[in-house]
Amino acid sequence: MRFRLVKRNLLALLGVSFIVVTLLFSTRVLVVSESDTSRPVQETHGLQSGDKFRFGSVSELTKSVYNANYKQCVLNGEKFPGEPLLVLVVQVHNRPEYLRLLIKSLEKAAEVHSFLLIFSHDYFSEEINAIVQEITFCKVLQIYFPFSTQLYPSEFPGQDPRDCPRDISKDEAVKTGCLNAEHPDSYGHYREASITQTKHHWWWKMHFVWERVQAMQGYSGFAIFLEEDNYILPDFYHLYKSMIEFKKSSCQDCDMLALGNHNALTEFTKLTNKVLTTGWMSTKHNIGMAISREVYYKLMGCSDTFCTYDDYNWDWTLQRLSGTCISKPLKVLVAQGSRVLHTGDCGLHQKENCRPEWASQRVEESLQMAKEGLFPPSLILSDAEPVEHKAHMKNGGWGDVRDHILCKNYVKRL
């Protein structure tokens with residue numbers, strides 16, 4: 001019995017030591033990225049020879065990630081000088097064909113030359129890098145999530161072989177001595193690195209874009225958040241400007257904009273100029289979401305809640321914050337005629353039977369239906385729904401204290 005207690009105490013000590021090392025390492029990354037905040041943004045037509053990404057090993061890849069996040073080379077900066085009129089932030093994983101579709105839609109967008117596109121990657125490949133670096137129609141910046149599971153293939157925040165299996169009971173986990181035995185989620189399951197990564201990436205990206213990206217310093221507009229399997233309509237920027245003007249004149253208390261929704265475009269011509277106001281909801285307003293710096297600060301004030309709430313989805317967690325930690329529920333101005341389409345037929349939970357060619361065909365059909373309704377001259381408020389906190393049942397998958405600590409560490413140095 002005494003030996004068993006000593007062994008358990010030793011394991012606990014090792015676990016705490018591991019978390020401390022992780023924190024120190026995390027802090028070092030943030031220090032590197034902010035260590036010279038006055039340096040000028042590097043603008044170039046392409047990567048310089050010394051900046052070439054190296055994919056040969058995990059250590060080379062890690063160095064490339066740190067180097068890129070520090071130097072922040074803006075592609076096409078000389079071709080498109082001046083401050084951006086709109087910033088789009090795209091979260092990218094590993095679906096290159098869908099990413100190509102998104103870029104194709106961006107190239108067709110009106111006034112795209114005035115955009116800054118920020119691609120935030122959590123999977124690093126030569127193919128994906130090449131796709132992004134072929135863009136010539138506006139300024140482009142790539143940032144790289146430094147805690148990607150690709151960089152930690154057999155240790156936290158990746159999947160450590162000593163971690164508890166997802167479905168083992170807590171009693172069995174404690175008996176076996178697996179690393180995170182004391183920290184299952186609300187439903188008794190243990191962490192899966194592939195599941196937790198998206199929320200980590202989203203929160204890190206939010207912080208890094210607003211606090212560390214040099215090209216964003218002094219930018220006073222909204223940042224619009226997209227994903228690699230989105231597709232924007234040609235009048236995307238036109239609608240954004242119209243919504244900004246509508247917000248100034250008729251919805252000054254609106255916190256956020258939603259330029260997309262999950263409805264089809266079958267009634268687009270009827271809805272193209274209609275907007276509504278409502279409380280932010282995960283299932284409705286997580287596509288084409290526009291956030292101001294002011295709202296970003298509200299979110300960061302709730303970092304502890306965001307990082308400890310037991311839901312692996314960033315959007316359901318955000319809904320939890322609205323009306324709880326953020327005392328006044330977030331009010332959103334919503335475009336009823338969506339300017340952002342969701343093309344993905346596979347993703348986090350559906351990894352087989354991905355048919356991007358079908359997605360491309362569906363997009364073309366949708367555009368044919370929508371083309372007569374593009375570029376409306378003005379907007380009309382069609383409805384004003386109650387703005388209130390909408391409770392939901394949390395999904396779990398976020399019970400491990402290591403995830404909580406790492407997540408909170410992203411904003412430690414604000």
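Colleague: Is Cys307 buried or exposed?

Modeller: Keep in mind that this is a predicted model. The cut-off for buried is under 20% relative accessible area. Cys307 has 0% relative accessibility, so Cys307 counts as buried.

Colleague: What does Cys307 form with Cys407?

Modeller: Start with the general idea. A disulfide is a covalent bond between the sulfur atoms of two cysteines. Now the case here. Cys307 and Cys407 form a disulfide, with their sulfur atoms 2.1 Å apart. The pair links distant parts of the chain. Cys307 sits in helix 11, residues 303-308. Cys407 sits in helix 14, residues 401-409. They are 100 residues apart.

Colleague: Why is the disulfide of Cys307 and Cys407 left-handed?

Modeller: Look at the torsion about the S-S bond. For Cys307 and Cys407 it is about -65°, so the disulfide is left-handed.

Colleague: And is Cys407 buried or exposed?

Modeller: Cys407 is buried, because its relative accessible area is 0%.

Colleague: How many disulfides does the structure hold?

Modeller: It holds four disulfides. One of them joins Cys164 to Cys178, S to S 2.0 Å.

Colleague: Where are Cys164 and Cys178 in the chain?

Modeller: Both lie in loops. Cys164 is in the loop between strand 5 (139-144) and helix 5 (170-176). Cys178 is in the loop between helix 5 and helix 6 (193-211). The two cysteines are 14 residues apart, and the pair links distant parts of the chain.

Colleague: Is the link of Cys164 and Cys178 right-handed or left-handed?

Modeller: Right-handed, with 95° about the S-S bond.

Colleague: Are Cys164 and Cys178 buried or exposed?

Modeller: Apply the cut-off again. Cys164 has a relative accessible area of 2%, so Cys164 is buried. Cys178 has 11% relative accessibility, so Cys178 counts as buried too.

Colleague: How far apart are the sulfur atoms of Cys251 and Cys254?

Modeller: They are 1.7 Å apart, and Cys251 and Cys254 form a disulfide. The torsion about their S-S bond is about 65°, so this disulfide is right-handed. Cys251 is buried, and Cys254 is buried as well.

Colleague: What is the relative accessibility of Cys138?

Modeller: It is 0%, so Cys138 counts as buried.

Technical notes
Residues numbered from 1 in each chain as written. Predicted model: local features only at pLDDT ≥ 70, side-chain atom pairs only at ≥ 80, totals over all residues. Heavy atoms only, no water. Disulfide = S-S within 2.5 Å. Helix = DSSP H or I, 4+ residues; strand = E, 2+ residues; numbered from the N terminus. Buried < 20%, exposed > 50% of the residue type's maximum accessible area, 1.4 Å probe, protein only.
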